[in-house]
There are 2 protein chains.
Amino acid sequence: VRELARLARSPRSRRQGRAFIEGLRAVGAAIDAARAICLVVTPEAHLSPYARRIPGEHPDLPVVRVTADAFRTMSRRQNPSGMGAVIVERWWGLDSLEPEPDRYWVAVSRSDYPGNLGCVIRSAVANGASGLMLLEGRGDPYHPEALRAAVGAIFATRMVRCSADDLAEWGERYQVTIVGVDPEGSQECHGYDFARPLVLLLGAERTGIADEHRRLCRSLLRIPMSPGVDSLNVCAAASIVTYEAQRRHLSRRR
Amino acid sequence: VRELARLARSPRSRRQGRAFIEGLRAVGAAIDAARAICLVVTPEAHLSPYARRIPGEHPDLPVVRVTADAFRTMSRRQNPSGMGAVIVERWWGLDSLEPEPDRYWVAVSRSDYPGNLGCVIRSAVANGASGLMLLEGRGDPYHPEALRAAVGAIFATRMVRCSADDLAEWGERYQVTIVGVDPEGSQECHGYDFARPLVLLLGAERTGIADEHRRLCRSLLRIPMSPGVDSLNVCAAASIVTYEAQRRHLSRRR
């Protein structure tokens, strides 16, 4: 239990690419993706009927039973659901990937808060992205706050760490258009066609895309904004741009 | 200082509709909207050159000078900017409002976290909303976490508290279309025309729009999602739908 709590609470103590997740939806997604290596559950009485059935439905998964108090020491929620899992991190190599004709990638130039990164992952997956590329390994999608904000979406997608040079080379090999999204972008995303193969490169809220990554972009897009607001939350901006990229794609196919 | 810290830290101790905000952008927006009643600043040395100029440019605003340590007791940031303000809450009455032809309203059926509400306000303002209606007074946009997430956007918009009956009556009087956004919506937002006058009614992430508010809606829209994700963060959903409502409006005018 102490080791579980450490795994859950302290990002630095994560070892061997393991992380703790909680909540029914996230645990369900991890199991579906064969990424859960054990379940952590509180006594039957604290679980919903649906959660109670999970261990029985997955007899191969070891189950660690902990008291509700012990679960609280692992949880980051005010009202812990009583169901968690230890999962394995997984990373994909850029070399093993080819752009899929019906999808696109999201690349992250800079990442500020892990919670924001988790939210970006969730919205990107909802809007049809193949996965996320973290340039220079920036951002930790397996940080507890990122996992919490992604609500299981990380298990339905692919995480890649690569250098800017690797991305440039990969983009050239497959003739991928790399498009940046930045408050200083010169073109409104409304009129852009988001033709694939495509990588959308996102920056951080205050600082945008790192200078050394701008050179990767064929265009820099900005989200049009009404007076009174001059920037959006990173997750809001990522949600809008991935939505728009997917909307344009689907409207072309119709 | 103690009273300021209480104002900043504890939402319940807010009195006479006053709240503490911090950060240059938010303070600037509050001043522009004539909503700041005093400035709170740390010693010159801790302020950026731009922040240092603000008190001189607004000689009518009382300035409370506090030590950097005292400012930290008020701040919710890891790296406090050293510039804050006390602001007055402001609320508009539905009776005094008419729909503007070029804009729309966002109504909130349920609100979970104040930080999410602040993010919704920011995105709604960015995407051209006239303001927010909080049904049955749910949600507190002047909560410190909401103010923090809104980054000043609340001063560029209008906050209304009203009952569902009031909204229904107002909608009828001005022939406003009220459209709900809900994971169980029957129509995809891609194809919807968002004709104005319009109110977009949003729910909470898990529970959607309250049952008693669904009857207000002419249609229920859902945001299309790819497999692997079955819901979006409230701020992500609000950002996408307000973006789409504004995009459709602008594309009609072009």
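## Helix packing between the chains

A crossing of two helices is right-handed if the near helix is turned clockwise from the far one by less than a right angle. In this predicted model, α9(A) passes α9(B) in such a right-handed crossing. The two helices, each spanning residues 234–253 of its chain, pack at an angle of about 55 degrees, and their axes lie 8 Å apart. Angles from 65 to 115 degrees would count as roughly perpendicular and those under 35 as roughly parallel; α9(A) and α9(B) are therefore oblique to each other.

On the chain A side, the contact is made by Cys235(A), Ala236(A), Ser239(A), Ile240(A), Tyr243(A), Glu244(A) and Arg247(A). These meet Cys235(B), Ala236(B), Ser239(B), Ile240(B), Tyr243(B), Glu244(B) and Arg247(B) in α9(B). By class, the residues of this contact comprise 8 nonpolar, 2 polar and 4 charged.

## Disulfides

Over all chains, the structure contains 2 disulfides. One joins Cys119(A) to Cys235(A), with an S to S distance of 1.9 Å. Cys119(A) belongs to helix α5 (residues 114–126) of chain A and Cys235(A) to helix α9 of chain A, so that distant parts of the chain, 116 residues apart, are linked. Both cysteines, Cys119(A) and Cys235(A), are buried.

In chain B, Cys119(B) and Cys235(B) form a disulfide with their sulfur atoms 1.9 Å apart. Because Cys119(B) lies in helix α5 and Cys235(B) in helix α9 of chain B, the pair ties together parts 116 residues apart in sequence. Cys119(B) and Cys235(B) are both buried.

Cys189(A) takes part in no disulfide; the nearest cysteine sulfur, that of Cys189(B), is 14 Å away. With 0% relative accessibility, Cys189(A) counts as buried. Cys189(B) is likewise in no disulfide, and is buried at a relative accessible area of 1%.

Definitions and conventions. Residues numbered from 1 in each chain as written. Chains lettered and ligands numbered in written order. Predicted model: local features only at pLDDT ≥ 70, side-chain atom pairs only at ≥ 80, totals over all residues. Heavy atoms only, no water. Axes fitted to C-alpha atoms, helices over the stretch in contact; angles between N-to-C directions. Helix = DSSP H or I, 4+ residues; strand = E, 2+ residues; numbered from the N terminus. Parallel < 35°, antiparallel > 145°, perpendicular 65-115°, else oblique. Contact = heavy atoms within 4.5 Å. Nonpolar A, V, L, I, M, F, W, Y, C, P; charged D, E, K, R; others polar. Disulfide = S-S within 2.5 Å. Buried < 20%, exposed > 50% of the residue type's maximum accessible area, 1.4 Å probe, protein only.
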